[in-house]
Amino acid sequence: MQNNETMTLFAFDMNSLFARVFTRMAPKNVMPKWNGAYLDDGTPVFCLRAVHNMVFNEIAAMRKLGVENTHIVLVFDHPGKNFRHEIFPQYKGNRPPKPEEWLIQEKLMYDMFVALGFNCLRIEGVEADDTLATLAVKLSEAKINVVMFTGDKDLMSLCNDYVSVYAGKDRKWWRAADVEAKFEVPTSRVIDYLAIDGDVADNVPGVAGAGKAAAIEILNTCSLQDVVDDPDLLLKMNFRTRKSVAKWVRENREKIELSQKLVSLKTDVVLGTNLNKMVRTKPDYEAFLNGYMRTTQD
């Protein structure tokens with residue numbers, strides 16, 4: 001029987017990988033009609049081979065670092081809205097609409113990897129990050145190793161003795177000590193750091209007047225919740241804007257709590273599967289072709 005500590009799940013954040021590929025291959029959302037970029041019927045496919053290769057290249061990169069996987073799962077965002085939109089309708093509202101070439105290939109990407117025999121998760125009402133977070137927390141509690149392949153900073157908050165992150169864009173393997181060195185706060189407070197600092201890309205407001213230096217000072221002294229409950233704690237700290245930040249916190253508790261909710265990861269997502277199924281099976285190319293035909297005829 002296999003010991004839990006010898007088991008390793010490679011969990012891919014596929015939307016993160018796809019965004020990297022599309023941004024590189026379609027600058028300004030314009031793609032020349034070079035051979036292989038589009039099918040004869042005009043369907044864009046220029047990202048699909050690159051995403052496929054990226055998955056296998058990043059697996060190979062981890063193996064070069066001495067980490068072999070026993071299990072694998074590819075995690076995708078659900079195309080619909082998620083619980084964060086219910087909390088804050090403007091969540092990610094500052095992003096421009098995705099071009100049609102993005103949307104078509106994103107769907108084909110999911111169908112392609114299912115046909116290639118990968119276990120693929122796409123769960124309604126949550127983001128891929130929440131699914132990955134649930135896997136990381138549940139499996140690490142069982143002393144099973146998890147490597148998450150993503151560039152998202154929030155997932156770094158989950159790094160511990162069993163959980164790590166491989167950021168392919170930087171070709172860097174992040175473990176708990178690396179994360180603490182990057183943010184200069186304990187991994188358990190990285191989510192608080194993101195809530196204080198805000199996130200322009202996701203339209204998360206953050207704490208006005210409190211930049212990175214203030215966030216580090218605060219979170220090496222107490223948690224964000226401690227500050228929300230007692231803003232006067234800030235007056236005992238050494239960062240320059242402590243008085244104005246304390247005033248803002250007193251007057252804007254609801255905004256801080258909103259930021260906390262938006263950046264916090266769900267770790268109780270109902271996965272509808274188990275680790276035993278997170279292995280690659282025999283490819284079914286016919287299913288992919290049939291799915292493609294249905295998609296283009298709709």
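**Helix packing and the interior**

The axes of helix 7 (residues 190–197) and helix 11 (residues 253–263) come within 9 Å and cross at roughly 130°. Axes here are lines fitted to C-alpha atoms, for helices over the stretch in contact, with angles running from 0 to 180 degrees between N-to-C directions; helices are DSSP runs (H or I, at least four residues), numbered from the N terminus. Helix 7 is therefore oblique to helix 11, a term for angles that are not under 35 degrees (roughly parallel), over 145 (roughly antiparallel) or 65 to 115 (roughly perpendicular). I191, D192, L194 and A195 of helix 7 make the contact with S259, Q260 and V263 of helix 11, where contact means heavy atoms within 4.5 Å.

This is a predicted model, in which local features need pLDDT of at least 70 and side-chain atom pairs count only at pLDDT 80 or more, whereas totals for chains, interfaces and linings use all residues. Residues are numbered from 1 along each chain as its sequence is written, and side-chain values use heavy atoms, with hydrogens and water left out.

Helix 7 also takes part in the packing around helix 8 (residues 212–219). The buried residues of helix 8 are A214, A215, I216, I218 and L219; buried means under 20% relative accessible area, exposed over 50%, and partly exposed in between (1.4 Å probe, protein chains only). These residues pack against helix 6 (176–183), helix 7 and helix 9 (224–229).

In soluble globular proteins, nonpolar side chains tend to be buried together. Here the largest nonpolar core has 65 residues, and M148, I218 and L234 have the most contacts inside it. Such a core is a set of buried Ala, Val, Leu, Ile, Met, Phe, Trp, Tyr and Cys residues joined through side-chain atoms within 4.5 Å. A second, separate core has 38 residues, including L17, A26, V55 and V147. A26 lies in the loop between helix 1 (14–25) and helix 2 (48–64) and counts as buried because its relative accessibility is 3%.

The side chains of E106 and N15 are joined by a polar contact of 2.9 Å. Leaving aside neighbours within four places in sequence, E106 is in contact with N15, F18 and K98.

Terms used: A polar contact is a pair of N or O atoms within 3.5 Å; within protein, one must be able to donate a hydrogen and the other to accept it, and residues adjacent in sequence count only if both atoms are side-chain atoms. Helices (H or I, at least four residues) and strands (E, at least two) are DSSP runs, numbered from the N terminus.
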